[in-house]
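Hi,

Here is the structure I promised to pass on. Have a look at it first, and my notes follow below.

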There are 2 protein chains.
Amino acid sequence: MATSLHAHVVEHLGSRIISGQIPRGSIILAADLEQKLQVSRSVIREAIRVLAQCGLVNSTKRVGIRVLGAESWNPYDDHVIRWRLASDQKGAQLRSLTELRISVEPMAAELAAEFAPEAMRKELMMLSAQMNHYGRQGDLRRFLELDIRFHAVVLAASGNEMFANLSTPIGAILRGRTELGLMPERPHEEALLWHQSVADAISNSDAASARKNMESIMRRTHNEICSLWDGAPRLFVNPAKSSQ
Amino acid sequence: MATSLHAHVVEHLGSRIISGQIPRGSIILAADLEQKLQVSRSVIREAIRVLAQCGLVNSTKRVGIRVLGAESWNPYDDHVIRWRLASDQKGAQLRSLTELRISVEPMAAELAAEFAPEAMRKELMMLSAQMNHYGRQGDLRRFLELDIRFHAVVLAASGNEMFANLSTPIGAILRGRTELGLMPERPHEEALLWHQSVADAISNSDAASARKNMESIMRRTHNEICSLWDGAPRLFVNPAKSSQ
DNA sequence: TGACACCAATCTGTGCAGGCATAAAAATAA
DNA sequence: TTATTTTTATGCCTGCACAGATTGGTGTCA
């Protein structure tokens, strides 16, 4: 995936910082990196710039590149999410994302019912029909892809780009759930009905029903998945001092 | 604010792209930028790398630096949010952020009631008391800062770092609301009570009450502010094709 | 002797200039 | 149409000068 050199360096350092192999407070010297990774300064510097934007490092003169702690990481950065999911913080990352989607998706459904363009309403009807079909057949592989698409379309149909942007990590959650065998061997009948009802409600511009049924989906999804992060510690960040 | 040279270039290009002065699809050549901005290649390259991570540009060989459209921008990036708030998309940005906070804050309050560390529960009690005091006095300036801090602490106390990270842009919303004179000349009595109730509920680990009262705050806040984006078009992003 | 202010040495990121390699578009030939 | 060559802008590398922060030493005064 990492085709360019600097992307490779970003990947190398980022994954190590987030996994804890390079502990917070460490000081890295650009010159050392050049030698260790056998790349030129320009590559190192571009990579450091990217990592700095992710909140992973903080380079200052005369001291070097300081590795920052988890409270500085940008939790919405795609890199950061991916690296955390691949580390032993996987549980905590899944929990954060799930709490976020539980909060957001009912509102997204409500907004979609009000604002979605016609094409998306139609696609949702089609998707829920297919989910019914393949779900009852027990074709989990295909059901999963449809499910991911369904939620992505609802988020996009809300017309809120911040919601829409959550579809990738939410897709990752759904994939992770089936990979870990947390899905029943065939989808629950209720779940199928709720998805159908969400699609119907959005199609009929029934915002209240869209929200209510999406809330039902979220409740069940939470129950199915929350065992994943039993005992993972919560991360309490210091609230940012309000600065004019 | 932009101390280093490359940050200056990021600021220059980023603000222009988001404001539309540099339209989507434009092709920028690094060599031209060097000359126009009178900086060296390394500065340009680092800046471009940062902008690429924001989703604003996409540099490819032989063609140059392509300016991307709004659907590619990372809506959670601090730069992007700031630039959009300073552009004529201010309304749409405020709406997206408000819809997000309306979705998230009730859940944050609920989680805070369950998990918040003692110090944060105490701070919330103190903050709501001070809000009562200065609010009844009509000291809007001080009330605003307390209000911002209150919501930041609730988000942080949820123990969800994705929630906590929203406190900065939410603070920006609250500031914008008072700057634009959308606040009553002294806070509504109900609003003061709801904040007090949220603090009490979190303090007493009463999750349901914390959520309920926060929902009330959100409903009112929405009513007060939604006139800001009357008629601003919603942004429907193409849902990402689910790729393994 | 000891505390403190000030200055110089040093170290490291930042920025500059220019070179070669390479990939992808465009133009040309088959 | 298809294959090949040419063009051209980014990717990558290197040597050099500068800026700013830390450190340590120096001198002054109590």
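Buried area, as used here, is the accessible area (1.4 Å probe) that two parts lose on being put together, summed over both. By that definition, chain A and chain B bury about 5100 Å² between them, with 56% of it on carbon and sulfur atoms.

Please keep in mind that this is a predicted model, where local features need pLDDT of at least 70 and side-chain atom pairs count only at pLDDT 80 or more, while totals for chains, interfaces and linings use all residues. Residues are numbered from 1 along each chain as its sequence is written, chains are lettered from A in the order in which they are written, and side-chain values use heavy atoms, without hydrogens and water.

Now the interface. Counting heavy atoms within 4.5 Å as contact, 57 residues of chain A and 58 residues of chain B take part. Six salt bridges link the two chains (a side-chain nitrogen of Lys or Arg within 4 Å of a carboxyl oxygen of Asp or Glu). One to look at pairs B:Glu46 with A:Arg49, whose closest N and O atoms are 2.7 Å apart.

There is also a backbone detail in chain B. Most residues other than glycine have a negative phi. B:Arg62, though not a glycine, has a positive phi of about 70°. B:Arg62 is exposed, with a relative accessible area of 80% (exposed means over 50%, buried under 20%, and partly exposed in between, with a 1.4 Å probe and protein chains only).

Enjoy exploring!

Best wishes
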